Amino acid sequence: MRKIALVTGASRGIGRGIALQLAREGWNVCVNYIQQREAAEVVAAQIRSIGQNAMAYQADVADGEAVNAMVRAVEAQLGPVTLAVNNAGISGQGLFQDTSDEVWDRHMAVNLGGARNVIRAVLPHMLSEKSGCIVNISSIWGLRGASCEVAYACSKAAVIGLTRSLALELAPSGIRVNCVAPGCIDTDMVQVLGDETRSMLIEETPLGRLGTPEDIAHAVAFFASDKASFLTGQVLTADGGFIG
Ligand code: NAP
């Protein structure tokens, strides 16, 4: 199988860590982003310096047509996608009763719909090859629930449902679908919460630190590897013991 990975939201944070780790493990990578073109181009250049092929591609994962165009572009430039990592995500804080329909719908459209769009677009080739690998990024909040982040937690719980259901549906076609549920990881998503919340999250993490993008990248690379060839429908929590 040719090692062609599409990593959504790979311009920074966890996605960037995943893209670079996959490159170190021999994958050619498409670095998807929505806004930060320069950052995505830097990641693609880093991947090339590791010795793998790479491209950066702007697409809003919530836009099915844009995702289809991206997958066609990857196919033309790198080859058909054999690993899709659905990492792009958004989060936001607020009381449930103050959450507008617009905010709610955008969480669902990006965090859940984005994964759906990417999987739909890469499936035809995976089905015809009877092989392929999908790794979805959920969150511990999708497992445990989260006060003041209900839309986010619901979208991430749905990603787990998507993973488990598709794993069953696609297993006869030789396609594995797994999920990583990160705890608190030191990226922009956590930094925007401020120093006080950041310190509280560190205190609440039994291992006494925030995770790094590399901590999550290793879990994803494991699912993508032959070492995980008998694993599908799994949710691996990488959280320093946060939810026990
Ligand atoms: P981040 O630092 O905020 O980075 C988000 C990434 O997603 C960026 O590359 C961004 O692109 C991209 N993105 C956002 N919306 C997009 C869209 N509609 N289409 C395409 N790309 C989009 O986030 P992170 O902390 O690395 O989180 C990555 C994933 O891990 C998310 O799914 C998040 O929910 C999950 N997660 C994070 C934590 C944590 O503690 N950090 C914990 C659990 C789960 P631009 O750079 O172009 O804006």
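**Reading salt bridges, cysteines and a buried serine**

Guide: At 28% relative accessibility, Asp 186 counts as partly exposed. Buried means under 20% relative accessible area, exposed over 50%, and partly exposed in between (1.4 Å probe, protein chains only). This is a predicted model, in which local features need pLDDT of at least 70 and side-chain atom pairs count only at pLDDT 80 or more, while totals for chains, interfaces and linings use all residues. Residues are numbered from 1 along each chain as its sequence is written, and side-chain values use heavy atoms, with hydrogens and water left out.

Visitor: With which residue does Asp 186 form a salt bridge?

Guide: A salt bridge is a side-chain nitrogen of Lys or Arg within 4 Å of a carboxyl oxygen of Asp or Glu. Here the partner of Asp 186 is Arg 198, with the closest N and O atoms 2.9 Å apart. Asp 186 lies in the loop between strand 6 (175-182) and helix 7 (188-191), and Arg 198 in helix 8 (residues 195-204), so the pair ties together parts that are 12 residues apart in sequence. Helices (H or I, at least four residues) and strands (E, at least two) are DSSP runs, numbered from the N terminus. Arg 198 is partly exposed, at 25% relative accessibility.

Visitor: How many salt bridges does a search of the whole structure find?

Guide: The search finds four. Among them is the pair of Arg 106 and Asp 60, at 3.1 Å from N to O. This pair links distant parts of the chain, 46 residues apart: Arg 106 is in helix 4 (residues 101-129), and Asp 60 is in the loop between strand 3 (54-58) and helix 3 (64-77).

Visitor: How many disulfides does the structure hold?

Guide: A disulfide is a covalent bond between the sulfur atoms of two cysteines. The criterion is a pair of cysteine sulfur atoms within 2.5 Å. The structure holds zero disulfides. The cysteine sulfur closest to that of Cys 133 is in Cys 179, 12 Å away, which is too far for a bond. Cys 179 is buried, at 0% relative accessibility, and Cys 133 is buried at 3%.

Visitor: Is Ser 138 buried or exposed?

Guide: Ser 138 is buried, its relative accessible area being 3%. This serine is found in the loop between strand 5 (132-137) and helix 5 (140-144). A polar atom of the Ser 138 side chain lies 2.8 Å from the backbone oxygen of Lys 156. Beyond its neighbours within four places in sequence, Ser 138 has contacts (heavy atoms within 4.5 Å) with residues including Val 159, Cys 179 and Pro 182.

Key:
A polar contact is a pair of N or O atoms within 3.5 Å; within protein, one must be able to donate a hydrogen and the other to accept it, and residues adjacent in sequence count only if both atoms are side-chain atoms.
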